[in-house]
Amino acid sequence: MENVTALSSVIRERTREAHSSSEGASFMSTLLRGERTRDDYISLVAQHYFIYEALEGATERMRHEPIAARFISDRLARLPALEADLSFLIGDNWRDRIAPLPATARYAARIDQVGATWVGGFVAHHYTRYLGDLSGGIHIGRVLKRQFDFDTNGIGFYLFGDIADPSEFKNVYREELDAVPWDEVEKERVIAEVLTAYRFNTEVFEDLARECEARIA
Ligand code: HEM
């Protein structure tokens, strides 16, 4: 008889606080309250670019690993949308005009590392970003669209055109998590890596706040 709680529920429970810290980071709350500039928003998009360059590079490397492949879907890909957003927001030379902040560089390096060596770690990072994008991300996209008067240009990152029902997509994803044949030790390692991923996201927001304050000063 199965008497252990489903992994997807355990992850959600054990990362609730870490999620609140990320969600509550002042960069995001002020951005969503309309207290930040378009340049501040562009800085966030640029950091997303470096994070997803790492994540989707890792996805290519992990595509042929049977467990990783259960979670991988081309419908999630964010890099093409980020490239289009940056081109719209900055111009054709956008790639020469953006750089990763220190926390972003550390985050991307960690994704590169686990993405080359550890399926569970890759899934932890994949889950943290994409399930977040399909949850709060949808709401964030709507708020930013209103705030900066975007149509679809500039916020393509938040639009999952190929996923008609994000809730259903997340349910299937959680079922896959619950079905993964990891032992308890591996599950613990994966949960720890999800917590690490949240920490990186919070640190990226902290770096962004510092960068934006420096721009004003
Ligand atoms: C202002 C920022 C944020 C808001 C407003 C927000 C909001 C939400 C909401 C409302 C949900 C629940 C959706 C549901 O029950 O289906 C959610 C889930 C989630 N969020 Fe966030 N979030 C934010 C930031 C983040 C960040 C920075 C991350 C990490 C990169 C993240 C990762 C996640 C994940 C992984 C889930 C899915 C949890 C699960 O059901 O397993 N969120 N978010």
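Four rings gather into one aromatic cluster here: Tyr41, Phe88, Phe148 and Phe150. Keep in mind that this is a predicted model. Across the structure, the count of aromatic pairs comes to 13. Two of them are set out below.

| Pair | Centre to centre | Angle between planes | Geometry |
|---|---|---|---|
| Tyr41 and Phe148 | 5.6 Å | 25 degrees | stacked |
| Tyr127 and Tyr173 | 6.5 Å | 40 degrees | tilted |

Take the Tyr41 and Phe148 pair. It counts as stacked because the 25 degrees between its planes falls under the 30 degrees cut-off. Tyr41 sits in helix α4 (residues 38-62) and Phe148 in helix α9 (residues 136-148), so the pair ties together distant parts of the chain, 107 residues apart.

Arg78 lies over the face of Phe160, 3.8 Å from the ring centre. Arg189 does likewise with Trp118, at 4.1 Å from the ring centre.

Which protein residue gives the ligand's iron atom its single donor? That's His19, through NE2, 2.1 Å away. His19 is part of helix α2 (residues 16-24).

Technical notes:
Residues numbered from 1 in each chain as written. Predicted model: local features only at pLDDT ≥ 70, side-chain atom pairs only at ≥ 80, totals over all residues. Heavy atoms only, no water. Donors = N, O, S within 2.8 Å, 3.2 Å for Na, K, Ca; no water. Helix = DSSP H or I, 4+ residues; strand = E, 2+ residues; numbered from the N terminus. Phe/Tyr/Trp six-rings, centres within 6.5 Å; stacked < 30°, edge-to-face > 60°. Lys NZ or Arg CZ within 6 Å of the ring centre and 35° of its normal.
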